[in-house]
Amino acid sequence: MTDNKNFYITTPIYYVNGVPHIGTSYTSIACDVMARFKRLDGYDVRFLTGTDEHGLKVAQTAESQGMQPKEFADKISEYFREMNTVLGITNDYFIRTTDEDHKRAAQALWTKLLAKGDIYLDKYSGWYSVRDEAYYQENEIETREDGSKIAIASGTEVEWVEEESYFFKLSAYQDRLLEFYEGNPGFVMPKGRFNEVKSFVSGGLKDLSISRNSFDWGIPVPDDPAHVMYVWIDALTNYITYLGYPDMEGEGMKNFWPADFHVVGKDILRFHAIFWPAFLMSADIPLPKCVYAHGWWTVEGQKMSKSAGNVIAPQDLVDNYGLDQSRYFMLREVPFGNDGDFSRAALIQRMNSDLANALGNLVQRTLSMIFKNCDAQIPAHGDFTNEDQAMLKLAGTEMLEKTRKHLEAMSFHRALEDIWFVIGEANAYVDAQAPWGLKKTDPDRMGTVLYVLAEVIRNLALIIQPVMPDAAAKILDQVKVSEDEREFSFIGQGHRLKSGVTIDQPQGVFPRYVEPEEDAA
């Protein structure tokens, strides 16, 4: 992580030959939570996403639909912009690899690698997957019964390609990469994926074909427009395009590079953890601090596919279950980095148990008691007992510090587990203190208990903002926290609720999910 108060996080730029689904939603939500958290924690944040629009597959798909490649890319790119809106994604910029400034940046990087002596012209012969836009070695290919060849890692069909190509001297960076990995044990996360990367590099690197001359949908190679850049050297450059590369002295590159996190799916880890670092080494540009590769999602135990009809679109997810509920489930259900299964039953269980019964009930019953028994005002409090102080401490800076620590490692599920532990303790505190029975016997003590609970709710609402921004805002509105007092610097002692502030009639934030009734036969 950065020592200063700048923070830069990126999603992979999404390939326009696909469409948004819960897998792409997952990456975007995770990066959005990190960006929101850092902003609330006082950081100057840059959060980048966008679309990767070049390559043979895009050209072929556009042609099959009777469209020009740029026209097709414009159409699909808009779907990903819409996904960001639907999911509440707060990216600072949306980059497209067809942008003119990106073209200039990619060509500048190419020129730098060429000047370093790391690019040469030769002939490529080997296996290539059009769908993956990836080259595969012989030991990464298997033959089907019908004689066709597929890439073992992705299951996509490969074809034998022979053409003139520019090559990058990837083999020359094998030892430098291994040395870098050794000195930067957090460069790839989770650790298991890092082991895979190191094993691949240790097995020997071959020089990488980085241009194609059999089609023209791509960024032209400088001084040789018969070739276009291999889509991955084009796409990876986007991370520095946004920061103003090749201007290394500009505000963007000086303040925000190297990136804190590149967050990617595990299927494109090799490009980000091997190719990209080698390109940057060649160009004398610092390497990113961490590449985090998350897992894949299945749906009800099955791989997502159009043919299976189980691809879940972001809009359907939000329409059926709610935005905050969906964001919470995807980050709580599975340790980030592992593969996960989207189960409707598991999502509904989380909605009703964690959100409605635990957090929703805590907020609703506390604020309802204040509204009914304290003249609809945040009550005054007396001296805090040991139990009160323990509850306030647990839900204050202690909770914030634990959350910070977990998010340093993008351990969203652990952060949420700890937050929900606080919620559980708060509900247990309500039951133990029984404020409903104190109105007649000890109204001052009732006021203190309800004040403690209101303060706990304020802190909980502040800390859940990155994950569930809409619900958090509703809770903060109900306890009358002003818009300019919602950063994390207001968590804990020294920034507490003011007694005597009038609240409105409480409104439920997390209703229980009830199965829609089936139409009568």
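User: What makes β3 and strand β4 (residues 93-96) a pair, and in which sense do they run, parallel or antiparallel?

Analyst: In this predicted model, four bridges join β3 to β4, and the two strands run parallel. Pairing requires at least two bridges, so β3 and β4 count as paired. Within the pair, T49 stands opposite F94 of β4.

User: Which other strands are joined to β3 by bridges?

Analyst: Strand β1 (residues 6-10) is joined to β3 by five bridges, in parallel, and N6 stands opposite D44 of β3. Strand β2 (residues 14-15) also runs parallel to β3, with two bridges; there, Y15 has D52 of β3 as its bridge partner.

User: Why is strand β3 (residues 44-52) called mostly covered?

Analyst: A residue is buried if its relative accessible area is under 20%. Eight of the nine residues of β3 are buried, so the strand is described as mostly covered.

User: Why is helix α13 called oblique to α18?

Analyst: The axes of α13 (residues 344-373) and α18 (residues 443-463) cross at roughly 140° and come within 10 Å. Roughly antiparallel would need an angle over 145, and roughly perpendicular one of 65 to 115; α13 is therefore oblique to α18. The crossing is left-handed.

User: Which residues make the contact of α13 with α18, and how many are nonpolar, polar or charged?

Analyst: Among them are L362, V363 and I370 of α13, and M446, L450 and I457 of α18. The contact residues divide into ten nonpolar, two polar and no charged.

User: What makes β18 (302-303) and β19 (340-342) edge strands?

Analyst: The open, mixed sheet has the order β18-β17-β19, and β18 and β19 each pair on one side only.

Methods
Residues are numbered from 1 along each chain as its sequence is written. This is a predicted model: local features need pLDDT of at least 70, side-chain atom pairs count only at pLDDT 80 or more; totals for chains, interfaces and linings use all residues. Side-chain values use heavy atoms; hydrogens and water are left out. Axes are lines fitted to C-alpha atoms, for helices over the stretch in contact, and angles run from 0 to 180 degrees between N-to-C directions. Angles under 35 degrees count as roughly parallel, over 145 as roughly antiparallel, 65 to 115 as roughly perpendicular and the rest as oblique. A crossing is left-handed if the near helix is turned anticlockwise from the far one by less than a right angle, and right-handed if clockwise. Contact means heavy atoms within 4.5 Å. Ala, Val, Leu, Ile, Met, Phe, Trp, Tyr, Cys and Pro count as nonpolar, Asp, Glu, Lys and Arg as charged, and the others, Gly among them, as polar. Buried means under 20% relative accessible area, exposed over 50%, partly exposed in between (1.4 Å probe, protein chains only).
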